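Here are a few friendly notes to read alongside the model.

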Amino acid sequence: MTDDQHARTTRTGRPVLLALAGFAITFAGAVTYFTVFARVAALRDFPWLNLPLAAAGVAIALFAATQAFRRPVGVGAKIASSTLATLSVLLAGLFATYLFWISYQIPDPTETAATISIAPETTLLAPDGSPVSLGEFRGKKVLVVFYRGFW
């Protein structure tokens, strides 16, 4: 490979690699919030690390896409870098939508729902008429639902 071919290959691949790195950073920022940082209360309430990481990934991917159109690179490099930049923006947008809108739609648990109590010993009839006792489920989590039926 001549020096001219090496320089052209390096120039051609640089925006794509930079866009791929930007997408990877955006992906890491969005996914690690749910897999790692959401378990830590200080980081769950506001994503101090994940939001700047996703924003930096988007900035890198967009920079790479603009560089692909400013440099003499092939059409494939322009398409690849533009696609990766678009995916980065969409992923960061979905992440921000979850953080600032969807997560606020989830109702807070009330004190009664958050407490676990032991139900008194009760025997009820199953739909087939056989008796079912709550004692049979001792040590297991049971949800008892009472509803009106068809009257």
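**Notes on the predicted model**

1. F137 sits in the segment after β2 (131-133); helices (H or I, at least four residues) and strands (E, at least two) are DSSP runs numbered from the N terminus. This is a predicted model, where local features need pLDDT of at least 70, side-chain atom pairs count only at pLDDT 80 or more, and totals for chains, interfaces and linings use all residues. Residues are numbered from 1 along each chain as its sequence is written, and side-chain values use heavy atoms, leaving out hydrogens and water.

2. Is F137 buried, exposed or partly exposed? F137 counts as partly exposed because its relative accessibility is 32% (buried is under 20% relative accessible area, exposed over 50%, partly exposed in between; 1.4 Å probe, protein chains only).

3. Along the sequence the pattern reads α-α-α-α-α-β-β, giving 5 helices and 2 strands. Of the chain's 151 residues, 19% count as buried.

4. The aromatic pairs number 7 (ring centres of Phe, Tyr and Trp, the latter by its six-membered ring, within 6.5 Å; planes under 30 degrees apart are stacked, over 60 edge-to-face, the rest tilted). One of them is Y33 with F95, edge-to-face at 5.6 Å centre to centre and 70° between the planes. This pair links distant parts of the chain, with Y33 in helix α1 (residues 3-35) and F95 in helix α4 (residues 75-105), 62 residues apart.

5. Both Y33 and F95 are buried. Together with F34 and Y98, Y33 and F95 form one aromatic cluster.
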